[in-house]
Amino acid sequence: MGKHTLPAVDSGSYSEAFARSVDDPEAFWLEAARAIDWDSEPTRALDDSAAPLYRWFPDGSMNTCFNALDRHVLAGRGDQAAIIYDSPVVGKKKTYSYATMLDKVSRFAGLLAEAGVGKGDRVVIYMPMMPQAITAMLACARLGAVHSVVFGGFAAKELAARLDDATPKVIVTASGGIEPSRVVEYLPTIVAALALSSHAVGTVIVKNRAEVPGSAHEFDSPGTQWWDWDERSPSASAHPPVPVLATDPLYILYTSGTTGTPKGVVRDNGGHAVAMAWSMANIYDVHAGDVMWTASDVGWVVGHSYIVYGPLLAGATTVLYEGKPVGTPDAGAFWRVVSDYRVRTLFTAPTALRAIRKADPHAELSEQYDLTCLDALFLAGERLDPDTWTWATALLEKPVIDHWWQTETGWAICASPRGLERMPLRAGSPSFPVPGFQVQIVDEQGQAVRHLGEGNIVIRLPLPPGTLATLWNGDDRYRHTYLSAFPGYYLTGDSGYFDREGYLYVMGRTDDIINVAGHRLSTGSMEQVLAQHAAVAECAVIGVHDEIKGEKPVGYVVLKSGVTIGDRELAAELVSMVRDQIGAVAAFRDAVVVSALPKTRSGKILRKTMRQIANGEEYIVPPTIEDTTAIAVIQAVVLP
Ligand code: COA
Ligand code: AMP
């Protein structure tokens, strides 16, 4: 399959690269595409025939798994570590070479093929942070099948919604995951999700873990066969990579939308591989043989891009860490892993640093470890507050690089691209637009906002390769959600401003999405759950500032008249409903009974004003408010 080259290091300064990406995107991205091995090289970069839906490299064909594994083995790097698995929660450490991963992935692809999976079929992966999660993802890519990884902290109802939308032939799972406080059994969740879903899944493949009870043999559901991973995969025959069109989907990743229904972000194969390879060299400055550690979860986009695909496409070594920043066993865990594996680039969410700082304010635990290997720390997933940036910079004496992106974009919209040019960093800013992303600030009428003025952050179409192609089963929803507010532009849903030197500051969401411990959640979907309670007349969930998690959801509920239920009893029931229906990851712990919610005369709940009150920010009471006493009620509750 093609020639066996590794991604080349780009050269040239940031502004030169940015200008080329805008002035001549065809040449820019065709050149970047040379970092990938193609079965059929693309002759064109952009296909705008269905604008505003765009496709990249329409006549190219390739295989993502071949690029992530086979070509490194063919290039003589088979013995190099591909994955270093480190799990303080099960007490295991293991290194997997590229050759070993190729063998495991090829055979697991063979097993999936035995279960009837072929090109274009979907496979849902519901697994904890174990190497088999990566094996399953790459095996899908090898077959040209489409994986959809669901984060293990989601409950059965959320999983069922994804099964109904993605209609997978197979679910790949494990007996469970291990949280520091408890063992999380996955199989009861799978069974419940299958029962809730109207889609019939042909096969469930279970990787048994000694630490968690449950195995494939205990289950038998009508129409669904349950297979044991360890029994079946050794005898499966290795499957070769299946060439797919660059525009064929590699994965669907569901993310919170402004309504309760999750949106299936569709990522293609070719554009994604090109963007990943470009970003590894030019943003992270990580190359073949380097060690990158992204302390996230494979269930999130950050994990897809920079635990799995980015490092492996670059021929680097990726660290898969199954643990927490604190408590497994202590706040020195991150520094231990960096030092043990000579990590060059660490990527995590600000919340992890805040958790470490709280437990070890002067980072005394870091003194036991040699961190000289570290080149830079990258942070994303939520706003990086200047205080945390300053603390981490002083501690590491290395660049601490904030970069801003979303599940939808798949890679950074704004960053300080370290591989291109080393530019000064500023507290509170993810620096500059990455080549390919034409970022602008506009007001509600779509007019450009002058420097220093805050507004909606939008990106001029087309978005570069690697960004979402569309939403699964949802071209219209894609257009409506992202492309209709400001024609010709993609709506990020974030607001912010540029300073005089062109640094962007991302201030927060303009919709009902909140970020809790780096996890993206919809307050709308929590409100849907609260509204189901028989005692609740109406409710609002808002994101309130939290010292460690950045934000936490708080629910305000108004009771139906005549209802007699204790506030505490009701709160406990609401908390457990959200946990059962969305999952522990929602971290919904606070429900407060109020006599009224502030609303406009047209009945719109003033969530923004409530958030400002709760966060102690300045706010203006809108002139259209229905009943000003409702503001006083909220004030009395949140500002005791
Ligand atoms: N499976 C099952 N449950 C999970 C889970 C998973 N994969 N991940 C989290 N949960 C559970 C937690 O156990 C917790 O349950 P509890 O209510 O019984 O205590 C709940 O979900 C809330 O978890 P979280 O909000 O993560 O809080 P925490 O106190 O457990 O951990 C941090 C706090 C900051 C240490 C942790 O959130 C963290 O490391 N965050 C990094 C975020 C990240 O990597 N984001 C990806 C984007 S870069
Ligand atoms: P997710 O899709 O889970 O990656 O979440 C994307 C959202 O997280 C963005 O739209 C932002 O609101 C927020 N976000 C991610 N990275 C940053 C960052 N570096 N600075 C500010 N907000 C961020």
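This is a dialogue on how to read a few features of a predicted model.

User: How many residues are around ligand 2, and which come nearest?

Analyst: There are 14 residues around ligand 2, of which Asp402, Thr407, Asp494, Arg509 and Arg520 come nearest. The shell of ligand 2 has 3 nonpolar, 5 polar and 6 charged residues. Looking at atoms, an N or O atom in the side chain of Asp494 is 2.5 Å from an oxygen atom of ligand 2, whereas the backbone supplies an N or O atom of Glu382 at 3.4 Å from a nitrogen atom of the ligand and a polar atom of Arg383 at 3.5 Å from a nitrogen atom of the ligand. Taken alone, ligand 2 exposes 490 Å², and the protein buries 94% of that.

User: Which residues touch the most other members in the largest nonpolar core?

Analyst: To read a core, one asks how many residues belong to it and which of them have the most neighbours within it. The largest nonpolar core has 116 residues, and those touching the most other members are Trp29, Leu112, Ile134, Leu138, Val172, Tyr309 and Trp411. Apart from that core lies another one of 44 residues, among them Leu159, Val201, Val541 and Ala591.

User: Which strands does S4 pair with, and in which direction do they run?

Analyst: S4 is joined to strand S5 (residues 92–97) by 6 bridges, and these two strands run antiparallel; Asp86, for example, has Lys93 in S5 as its bridge partner. The hairpin of S4 and S5 has 4 residues between the strands, and there Gly91 takes a positive phi near 65°. S4 is also joined to strand S17 (residues 317–321), by 4 bridges in a parallel arrangement, and Ile84 has Val319 in S17 as its bridge partner.

User: Is Asn63 buried or exposed, and what does its side chain reach?

Analyst: Asn63, found in the loop between strand S3 (61–62) and helix H3 (64–77), counts as buried because its relative accessibility is 0%. A polar atom of the Asn63 side chain lies 3.1 Å from the backbone oxygen of Ala141, and the side chain also reaches the backbone oxygen of Arg142 at 3.2 Å.

User: What should I look for in the backbone angles?

Analyst: Most residues other than glycine have a negative phi, and most peptide bonds are trans. Phe57, although not a glycine, has a positive phi of about 55°, and its place is in the loop between strand S2 (55–56) and S3. Glu397 is not a glycine either and has a positive phi of about 55°; it lies in the loop between helix H13 (386–396) and strand S20 (400–402). Phe57 is buried, with a relative accessible area of 0%, whereas Glu397 counts as exposed at 70% relative accessibility.

User: Which peptide bonds are cis, and where do their prolines lie?

Analyst: One cis bond runs from Thr328 to Pro329, with omega near 0°, and Pro329 lies in the loop between S17 and helix H11 (333–340). The bond from Leu461 to Pro462 is also cis, with omega near 0°, and Pro462 has its place in the loop between strand S24 (455–460) and strand S25 (470–471).

Methods:
Residues are numbered from 1 along each chain as its sequence is written. Chains are lettered from A and ligands numbered from 1 in the order in which they are written. This is a predicted model: local features need pLDDT of at least 70, side-chain atom pairs count only at pLDDT 80 or more; totals for chains, interfaces and linings use all residues. Side-chain values use heavy atoms; hydrogens and water are left out. A residue is near a molecule or strand if one of its heavy atoms lies within 4 Å of it. A polar contact is a pair of N or O atoms within 3.5 Å; within protein, one must be able to donate a hydrogen and the other to accept it, and residues adjacent in sequence count only if both atoms are side-chain atoms. Accessible areas come from the Shrake-Rupley method with a 1.4 Å probe; for residues, only the protein chains shown count as cover. Ala, Val, Leu, Ile, Met, Phe, Trp, Tyr, Cys and Pro count as nonpolar, Asp, Glu, Lys and Arg as charged, and the others, Gly among them, as polar. A nonpolar core is a set of buried Ala, Val, Leu, Ile, Met, Phe, Trp, Tyr and Cys residues joined through side-chain atoms within 4.5 Å. Buried means under 20% relative accessible area, exposed over 50%, partly exposed in between (1.4 Å probe, protein chains only). Two strands pair if DSSP finds at least two bridges between them.
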